[in-house]
Amino acid sequence: MCSNKKKKEKEKQKILEQFERFAACLFPQYKRLNYQSAIQADTSKHKASTYFGSHRTWYIDAWFDCEQCGKEFCWTVQEQQCWFEQLHFWIDAYPKSCPDCRKNRRRKREKCNRLNNDYASLAKIAILRSTDLKTKQQALELINEIEQLSEEPLTRGIVEKREILLRQIEKMKSS
Ligand SMILES: [Zn+2]
């Protein structure tokens with residue numbers, strides 16, 4: 001019993017040593033790993049990567065610094081299992097920001113998508129030719145809000161449209 005346990009312990013140690021060699025590419029920029037948390041991955045559920053020859057055969061609690069807020073966070077084995085076995089993310093994926101920052105970004109993106117849809121339906125009624133001041137102001141507000149929330153800059157078309165809108169609104173207000 002005791003020697004069996006020792007043998008198992010030795011086997012585990014060997015696997016962990018192998019794992020450490022892969023850790024640098026599977027967990028780039030990790031601060032530390034908790035080997036005690038290691039669980040074996042079901043690689044049959046993984047999305048194969050041609051870039052990484054080897055599969056992520058283990059999940060292990062790994063700590064990173066968030067690129068956005070700088071806070072330290074743990075990427076848990078449960079999360080890794082979910083990412084690769086349920087959501088089928090690329091096997092070399094790893095989180096660059098903490099759960100809170102990821103959640104905030106997701107919320108921002110969702111809100112931005114909603115605003116873009118609102119703007120698209122408003123744009124259908126030819127905002128520039130509209131004689132309604134309120135419609136023009138609404139469009140202008142939407143553009144400004146999208147600019148604040150979006151991770152990408154506004155397209156040139158929308159920037160030009162905003163300039164025209166601003167001029168039109170000023171003219172309408174002064175007349
Ligand atoms: Zn963060």
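Domain bounds here come from an automatic or database domain assignment. The structure is a predicted model, in which local features need pLDDT of at least 70 and side-chain atom pairs count only at pLDDT 80 or more, while totals for chains, interfaces and linings use all residues. Residues are numbered from 1 along each chain as its sequence is written.

**Exercise 1. Find the domains of the chain and state what separates their centres.**

Step 1: the assignment gives domain 1 (2-96) and domain 2 (102-174).
Step 2: taken over C-alpha atoms, the centres of domain 1 and domain 2 are 44 Å apart.

**Exercise 2. Describe the pattern of the chain and decide whether the chain is spread out or a compact globule.**

Step 1: along the sequence they follow α-β-β-β-α-α-α-α.
Step 2: the chain has a radius of gyration (over C-alpha atoms) of 26 Å, well over the 16 Å from the globule rule for 175 residues, so it is more spread out than a compact globule. That rule is 2.2 Å times the number of residues to the power 0.38.
Step 3: along the principal axes, the C-alpha atoms fill a box of roughly 95 × 30 × 25 Å.

**Exercise 3. Work out how α3 packs on α4.**

Step 1: helix α3 (residues 99-123) and α4 have axes 9 Å apart, at an angle of about 155°. Axes are lines fitted to C-alpha atoms, for helices over the stretch in contact, and angles run from 0 to 180 degrees between N-to-C directions.
Step 2: α3 is therefore roughly antiparallel (over 145 degrees) to α4.
Step 3: among the residues that meet are Leu115 and Tyr119 in α3, and Leu142 and Ile146 in α4. Contact means C-beta atoms, placed from the backbone, within 7 Å.

**Exercise 4. Now do likewise for α4 and α5.**

Step 1: the axes of α4 (residues 133-149) and α5 (residues 156-174) come within 10 Å and cross at roughly 140°.
Step 2: the two helices are therefore oblique to each other, the class left once angles under 35, over 145 and from 65 to 115 degrees are set aside.
Step 3: the contact includes Leu140 of α4 and Leu165 of α5.

Key. Helix = DSSP H or I, 4+ residues; strand = E, 2+ residues; numbered from the N terminus. Contact = placed C-beta atoms within 7 Å.
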